[in-house]
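This report describes selected strand pairing and helix packing. Please consult the sequence and the model shown below.

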Amino acid sequence: MTAAGTTRTRPQWTSTLYLLLFLLVLEPCFVRSAEFDPYKILGVSRRASQAEIKKAYKTLAREWHPDKNKDPSAEDMFIKISKSYEILSNEERRANFDRYGQMEENQPFGQSQHQGFRSFHHSFYFDESFFQFPRSREFADSKYLLHHAQFNSEVLPDSFRRPYLIKVTSEWCFACIHIEPVWKETVEELEPLGVGIGIIDLGYERRLSNQLGAHRAPSIIGLVNGRVSFFHQAVVREHLRQFIEDLLPNTLVQKISDSNYLSFLEAWQVENKPSVLLFDQVPVVPLLYKLTAFAFRDYVRFGYVDQGATHNTRLLRQFNVNTYAPTMLLFKEDTQNPVDIIQARGMKKQIMDEFVTNNKFLQVPRLVNQQLFDELCPIKQFHRRRKFCVLLITDQDQAFAPGNKAFLEFAAANKKDVLRFAYVYQQHQQPLCQALLRNQATLSPQVVLLERRTQAGKVLFRSVGGGWNGSEEDKYRLHGEIELLQKDPSYLSSDATLPELNNEMAPIFIIRWLNAAYDYFLQVYDDLLYSNWREMMPILSLIFSALFILFGTVIIQAFSEPGENKPQKPKSKEQPPSPEDTTDRGTSSRPPKKDFVEVTELTDITYTSNLVRLRPGHINVVLVLSDASKNVLLRKFAKEVFSFSGTQTLHFSFLNLDKHRHWMPALLRSARPEDLEEEQDFSDFTGHVLALNGHKRYFCLFRPVFTGDESGGDASLSDASVCSSRKSRSRSRSSSSSKSRSRSHSREDGAASKRGSSRATSIELHHKLDRLGLWMERLLEGTLPRIHVPAWPSLDPNSSTSHS
């Protein structure tokens with residue numbers, strides 16, 4: 001019984017013991033999870049605004065910063081403060097924490113408790129640092145940490161030579177731990193190939209993360225040529241490797257076969273670069289070759305040959321390539337024989353870099369930009385490191401080809417460490433050639449020995465006499481000059497300051513613009529595809545601002561047309577408007593653009609441009625005056641026409657009768673008789689105003705009348721537009737116009753007997769232009785009769801020619 005009873009109670013005791021142990025193990029997890037409350041850490045309530053949270057964060061960050069606070073727990077507290085601010089500053093993460101206690105935005109809703117058990121399981125068996133807050137960063141990762149200054153001074157310029165793979169993480173990032181094994185494997189694979197590795201901590205490098213646009217952890221960034229690209233696929237080693245390959249340009253390595261290898265090797269003259277052929281068994285270009293080609297793309301051209309393809313047999317047989325190991329052949333000017341060969345089963349990055357670095361220039365390269373000149377002919381620093389440059393100034397014409405070939409043979413036979421051979425086309429680098437040849441024109445190639453002294457372009461040089469034709473005598477003379485230079489560097493007797501070389505390989509502006517536009521639209525597409533609205537906001541703001549300005553300008557212009565859409569006041573039927581009111585109302589609709597009226601005198605110089613060759617649709621309003629009436633009439637004329645000076649088709653001038661007395665009679669004589677009235681008297685032209693249309697050859701005439709008598713207002717108004725055309729006058733107004741003319745002429749006949757000395761008293765000068773404003777209104781309305789002339793008379797009385 002006892003044994004049986006003992007046997008029955010043992011399972012109950014053991015199960016209770018296991019349950020207690022399990023709860024004891026889980027207790028630290030729940031205690032730590034309950035202890036972390038971002039609201040308590042920042043000291044704010046759950047209803048605090050973003051401004052209050054930000055203010056509390058700045059205050060606590062200054063207080064607990066490890067550089068200022070020497071408390072041993074300051075670093076841990078500062079990390080907690082940063083993590084709390086990361087959660088509460090993001091509305092989505094803050095809502096998740098308030099509802100489910102979640103602290104990671106990529107954790108599914110309502111799974112915080114299950115995630116805690118799974119995290120405990122993984123940390124218990126695999127990663128003991130999971131519950132250690134804050135995690136102590138591994139020593140291997142510390143060498144990849146990037147800072148803002150280091151990134152801009154080192155990593156960003158280096159991204160033009162090799163791509164970078166950057167991981168964005170933080171101390172409290174749980175998802176970062178899940179991708180850590182894949183990240184380590186990827187780093188171990190890609191770093192030996194030449195890929196740069198970097199790690200950014202969001203908690204410490206906010207400025208750098210904002211510059212890159214990385215606002216969440218974990219994130220993986222690719223950096224090539226200064227351009228940032230985000231990785232959006234599943235974190236798998238194969239995907240990361242493909243991500244790096246996609247960042248590289250597609251034209252780095254050219255596929256070579258039996259049909260195109262000759263054209264590839266012979267392109268050294270155009271590209272001014274050596275050529276490298278890579279032989280391997282795989283059909284796809286290995287990533288190692290692409291990275292090497294990217295690093296040396298400015299110096300060497302790369303081609304890839306698949307040894308397993310059937311269309312490459314002739315190429316393999318010609319160069320006797322071993323198909324059992326990867327092989328690299330480097331060619332320079334000689335396309336039949338490679339200058340260097342490397343073959344190894346385990347091709348390493350260091351071996352390939354050293355192989356290309358030692359052969360990155362042609363034997364005699366052409367100076368096509370300043371960078372090549374600086375590397376080929378460096379500035380003298382020490383006596384033992386001095387380099388002398390032997391420069392051939394020639395041209396690309398076929399007549400210079402034998403001399404250029406002879407110079408290449410001479411350079412190949414006289415290889416020395418202190419000598420650098422190069423040539424330049426005089427047509428492409430004229431400033432450089434003029435500085436070395438002392439602005440002397442030369443028809444034959446010239447050889448110049450030079451040594452660079454300063455970064456500002458100062459050189460010592462000496463021209464080899466006799467030119468260069470490639471003969472044996474020229475080679476012997478050049479060899480002697482080089483021997484003298486090596487014995488005595490002071491042999492270079494001339495000095496000059498060379499200008500910066502033209503970049504012959506730079507793409508034209510339209511190509512650069514298209515490439516920049518392609519990168520820009522590619523970035524916009526990527527941001528739209530993955531909804532990176534934080535980065536898209538400046539672009540969208542710029543687009544909507546431009547559209548707002550554009551449509552706003554169109555709307556303002558549409559509603560700013562003068563007087564067309566403005567409502568007009570209805571005319572009163574009881575009281576007809578006076579001529580002064582009509583003039584004021586008409587002129588006020590065309591405000592002048594200036595506060596003065598520009599009046600030009602018609603002279604022999606301005607006559608043709610202001611009248612004869614006047615543009616179609618333009619009218620020149622001319623005031624006729626004399627020396628005695630000039631000041632008074634000009635002031636009155638400017639006052640009357642000031643309201644019309646805003647019209648762009650009107651020009652204002654005056655004609656002096658004392659200088660050109662014959663012009664008015666000649667103009668009236670040339671007019672058609674039916675356009676002039678027989679009763680008109682033109683004994684005195686002072687105060688007359690003409691509206692001249694030079695293109696259609698007609699004019700309208702304004703005659704001054706006395707306006708002292710109010711009863712004769714209608715008569716004076718009719719006489720003000722005395723230039724009449726019977727064809728343009730309607731029959732309905734002919735009777736009233738004839739009566740008005742009879743009254744006007746009766747008054748003029750009475751005044752004709754008193755003309756002479758008493759004329760100035762009857763018609764004052766300042767009253768002659770009283771009705772000019774109303775006449776100008778009728779001119780703009782097109783209701784004035786026109787007097788046509790076959791040609792404009794000349795201002796010169798001695799000239800019999802007329803302007804047609």
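## Strand pairing at β13

In this predicted model, K458 has T497 of β14 as its bridge partner. Strand β13 (residues 458-463) and β14 are antiparallel and joined by 4 bridges; two strands pair if DSSP finds at least two bridges between them. Strands (E, at least two residues) and helices (H or I, at least four residues) are DSSP runs, numbered from the N terminus.

β13 also pairs with β12 in the antiparallel sense, over 5 bridges. Here R452 stands opposite V459 in β13. The two strands β12 and β13 form a hairpin with 5 residues between them, and G457 in the turn has a positive phi of about 110 degrees.

## Basis of the values

Residues are numbered from 1 along each chain as its sequence is written, and the model is a predicted one in which local features need pLDDT of at least 70 and side-chain atom pairs count only at pLDDT 80 or more, while totals for chains, interfaces and linings use all residues. Side-chain values use heavy atoms, with hydrogens and water left out.

## The sheet and its helices

The open sheet has 5 strands with mixed pairing, in the order β11-β10-β12-β13-β14. β11 (419-425) and β14 (494-497) stand at the edges with a single partner strand each, so one side of each has no neighbour in the sheet. From one strand to the next, the twist averages 35 degrees.

Helix α20 (residues 430-437) packs on the sheet and touches β10 (388-394), β11, β12 (446-452), β13 and β14; contact means heavy atoms within 4.5 Å. The direction of α20 makes about 110 degrees with that of β10. Angles run from 0 to 180 degrees between N-to-C directions, and axes are lines fitted to C-alpha atoms, for helices over the stretch in contact.

Helix α21 (residues 472-487) also packs on the sheet, touching β10, β11, β12 and β13. Its direction makes about 15 degrees with that of β12.

## The α3 and α4 pair

The axes of α3 (residues 50-64) and α4 (residues 74-89) come within 10 Å and cross at roughly 165 degrees. The two helices are therefore roughly antiparallel to each other, a term for angles over 145 degrees.

Residues in this contact include Y57 and W64 in α3, and F78 and Y85 in α4.

Note on methods:
Angles under 35 degrees count as roughly parallel, over 145 as roughly antiparallel, 65 to 115 as roughly perpendicular and the rest as oblique.
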